[in-house]
Amino acid sequence: MSIEVIHPGMFSTIQDAGRHGLQHKGLSPAGAMDYKSFMLGNLMLENDNPVSIEMTMQGGVFKFNSDVAFIITGADMNADINGDAISNQIVYNAKAGEVLTLRQVNNGYRTYLTVKNGFDIETIKGSYATHTKIGIGGLNGRTLQADNIIPLKDPKTMPTKRINTFEIDKMDHIRFIPGKQYHRFKDVHVIPNYAYEISNTSDRMGIRLTGERIDVKHGHDIISEPIPLGSIQVSTDGQPIILMNDRQTVGGYVKLGTVYFADLPKLAQKAPGSEIHLVEGTLEEAIAEKEEMINRLNEVSNRAYDIRHTSRRIEQLLKRTV
């Protein structure tokens, strides 16, 4: 009862919702970069302990060694199973011996492969999340490698269903809540008009931006302080860095503020070279947007629908309905 990694893709790791409650000890949470796509897949499969394989830019090739339901969410990686094209956001049932292939991303940047009931692997501090910067979680704290065997936890099949109401947000406006050092930036009223390009040096630790230099009054250094997820830090080169899941837990550079939680999935799906605009928002709007996103996710099981009897043509294409 396992999945065999035939080809790992470019940067594939096992992730869950993160390893929380340890930042005061210097351990950042890790976890899925696109929380919305990650949770969508696990909710569709009704998993009690959400966990997925996160793939970046280039997908992997996986062999199923037992019958199990699975779903792909997030970016489109032109997936097929045994040569039959499949779509995102549909629950399929794989048969033992079948091979799932994902390719170069063509819409978005990160993709999630989720299986019914998840993986039978060790947790570290209560989490499956891989943190490659410090080498813990997932499979030996690193990216997946060819020939890895990932044990499945109680694999099961289930009725095939789909959901069409979740799409990758392609808007380029990334909203943030101004922080306590916002007043130190010169001409702060023009910052929201700055356009930035995502650097190819970006990673799970931080999204590096290149563009108009942001100057500050009285220097870039501050007394080191905790760094929340989505903090927009500006170092001495005047370029913003949006700190993400594998970030350091404290830092000593001034910060513009913190990106809305609801905009982080949108940011996580932006490939290097993409243009974004930083837009000043409010705490009240950020809270309301987060609540709306969580509420939409909680309604997934009610909005997904069984496609077993939609048409004979679809049924023949899927070949895995129960």
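Lys-266 is buried, its relative accessible area being 7%, and in this predicted model the residue forms a salt bridge with Asp-263, where the closest N and O atoms are 3.7 Å apart. Asp-263 likewise counts as buried, at 2% relative accessibility. Both residues belong to a network of salt bridges that also links Asp-169, Arg-175, Glu-285 and Glu-289.

**Salt bridges**
- The count for the chain comes to 14 salt bridges.
- Arg-175 counts as buried at 18% relative accessibility, whereas Glu-285 is partly exposed at 33%.
- Another salt bridge joins Arg-213 to Asp-215, the closest N and O atoms being 2.7 Å apart; Arg-213 is partly exposed at 39% relative accessibility, and Asp-215 is partly exposed at 33%.

**Fold and dimensions**
- The chain contains five helices and 22 strands, and its C-alpha trace spans about 65 × 40 × 30 Å along the principal axes.
- The radius of gyration is 20 Å, which agrees with the value near 20 Å that a compact globule of 322 residues would have.
- Of the contacts between residues at least 6 apart in sequence, 76% join residues at least 24 apart.

**Burial, surface and charge**
- Buried residues account for 52% of the 322 residues, while the chain exposes about 14100 Å², of which carbon and sulfur atoms supply 49%.
- The chain carries 36 positive and 38 negative charges, whose mean positions are 3 Å apart.

Methods
Residues numbered from 1 in each chain as written. Predicted model: local features only at pLDDT ≥ 70, side-chain atom pairs only at ≥ 80, totals over all residues. Heavy atoms only, no water. Helix = DSSP H or I, 4+ residues; strand = E, 2+ residues; numbered from the N terminus. Rg over C-alpha atoms; globule rule 2.2 N^0.38 Å. Buried < 20%, exposed > 50% of the residue type's maximum accessible area, 1.4 Å probe, protein only. Contact = heavy atoms within 4.5 Å. Areas by Shrake-Rupley, 256 points an atom, 1.4 Å probe, with all protein chains shown as cover. Lys, Arg positive; Asp, Glu negative; His and termini not counted. Charge placed at Lys NZ, Arg CZ, Asp CG, Glu CD. Salt bridge = Lys/Arg side-chain N within 4 Å of Asp/Glu carboxyl O.
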